[in-house]
Amino acid sequence: MSSQWPALPPYESWSATCDTLHAHTQVLGKLAVAMAPPEPQLQHAALRLTARGWETLPLPAPDGAGAIVVALDLRSHEAVAEHNDGRVRRVALTPDRPVGEVTRDVLEAVSELAGAVVEIDPTPQEVSWTVPLDEDHEHASYDPDQVAPYFAAATRAALVLAAFRAPYRGRSTPVNAWWGSFDLAVDLFSGLPADPPSNDFITRNAMDEQQVAVGWWPGDVRYGKAAFYAYAHPAPDGFAGATLSPPAARWDDTLGEYLLDWDDVRSDRDPHSFALDFARSAFRHSCLVCGWDPALPASAEGTPPPIR
């Protein structure tokens with residue numbers, strides 16, 4: 001099984017392609033923000049990782065004539081805009097095509113399908129660069145040979161996260177693909193409110209309930225390797241520095257999160273179970289120190305079983 005879990009290079013060795021792909025996902029996320037009805041914790045803005053890549057959920061067309069889905073097809077390497085009536089528009093993701101050019105073409109395609117001009121806020125979010133997406137000529141590297149192992153690894157990670165949240169009987173999110181931080185994550189909630197740690201727009205809306213997040217990223221400038229992660233909000237004294245399972249899991253003081261490196265996962269004989277053990281261990285610890293109802297972590301491990 002471990003042979004089917006691809007190796008991923010350090011972020012620095014594929015950062016040009018990674019950042020370009022990240023920027024493309026931001027265009028999809030901005031479209032979701034502009035077109036989807038708002039939901040708590042900004043869930044309407046989340047994307048999904050599917051069998052073809054990153055996708056929006058069906059978005060209501062402004063003319064009221066149906067739904068539109070916009071995707072980054074990481075197999076055919078193109079952005080795809082589809083209307084439920086069967087119309088499709090495609091925008092190629094070629095090796096040297098700037099993000100700005102792709103953004104303008106995607107917006108034109110969506111507007112054509114929507115029967116009205118669709119606009120987004122082109123300001124990139126949660127990244128180090130500031131050039132508007134529709135003017136971005138800096139990010140223009142897209143190597144399909146680097147995208148392929150990323151997509152294969154992300155798919156494996158998403159299946160772990162889906163298996164982790166599946167039996168949970170509290171409120172939880174699906175496996176979200178977050179275009180700001182370029183990661184995959186599930187959030188499990190206790191049902192009680194919480195004070196956001198800051199008052200910026202994203203934080204005050206996304207973190208207004210007690211929650212535990214477990215996710216995966218391919219590496220970035222903060223942490224240059226692919227890894228699973230876990231954190232709790234709010235995190236009381238005693239949350240940091242615990243010994244989790246498997247032994248390769250560890251606390252990172254800089255990030256304020258528990259980590260399990262991708263290389264440790266894929267080197268195990270059963271990578272899926274290895275990563276799932278981390279997610280469950282982190283959740284058990286979080287619920288214990290955060291004082292959650294003990295029935296919630298029990299349900300996440302199948303007690304009672306989800307189907308009886």
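## Ground rules

Buried here means under 20% relative accessible area, exposed means over 50%, and partly exposed is in between, using a 1.4 Å probe and protein chains only. Helices (H or I, at least four residues) and strands (E, at least two) are DSSP runs, numbered from the N terminus.

This is a predicted model, where local features need pLDDT of at least 70 and side-chain atom pairs count only at pLDDT 80 or more, while totals for chains, interfaces and linings use all residues. Residues are numbered from 1 along each chain as its sequence is written, and side-chain values use heavy atoms, with hydrogens and water left out.

## Helix H3

H3 covers residues 144-165, and its end C-alpha atoms sit 31 Å apart. That agrees with the 32 Å its 22 residues should span at 1.5 Å a residue (the expected span is 1.5 Å times one less than the number of residues). Its buried residues include Tyr150, Phe151, Leu161 and Phe164, along with alanines such as Ala153 and Ala157. At the start of H3, a side-chain oxygen of aspartate 143 comes within 2.9 Å of the backbone nitrogen of aspartate 145.

Most residues other than glycine have a negative phi, and most peptide bonds are trans. Against that background, the bond from histidine 233 to proline 234 is cis, with omega near -10 degrees; proline 234 falls in the loop between E10 (227-233) and E11 (250-252). Threonine 303 and proline 304 are also joined by a cis peptide bond, with omega about 0 degrees, and proline 304 lies in the segment after H7 (295-300).

Then there's phi. Glutamine 41, not a glycine, has a positive value of about 55 degrees; this residue is in the loop between H1 (11-35) and E1 (48-49) and is buried at 5% relative accessible area. Phenylalanine 182 has a positive phi near 55 degrees, sits in the loop between E7 (176-178) and E8 (183-193), and is buried at 3%.

## The largest pocket

A pocket is an open set of points on a 1 Å grid over the protein atoms alone, where a 1.4 Å probe fits, with protein on both sides within 12 Å along at least five of seven lines; lining residues have an atom within 4 Å of a point. The largest one holds about 1,300 Å³ of space. Of its 50 lining residues, Glu126, Trp178, Gly180, Ser181 and Ile202 are the closest to its centre.

Which helix gives the largest share of the lining? H1 does, with seven residues.

Note on methods. Polar contact = N/O pair within 3.5 Å; in protein donor to acceptor, adjacent residues only side chain to side chain. Points joined across faces, edges and corners; volume = space filled by probe spheres on them.
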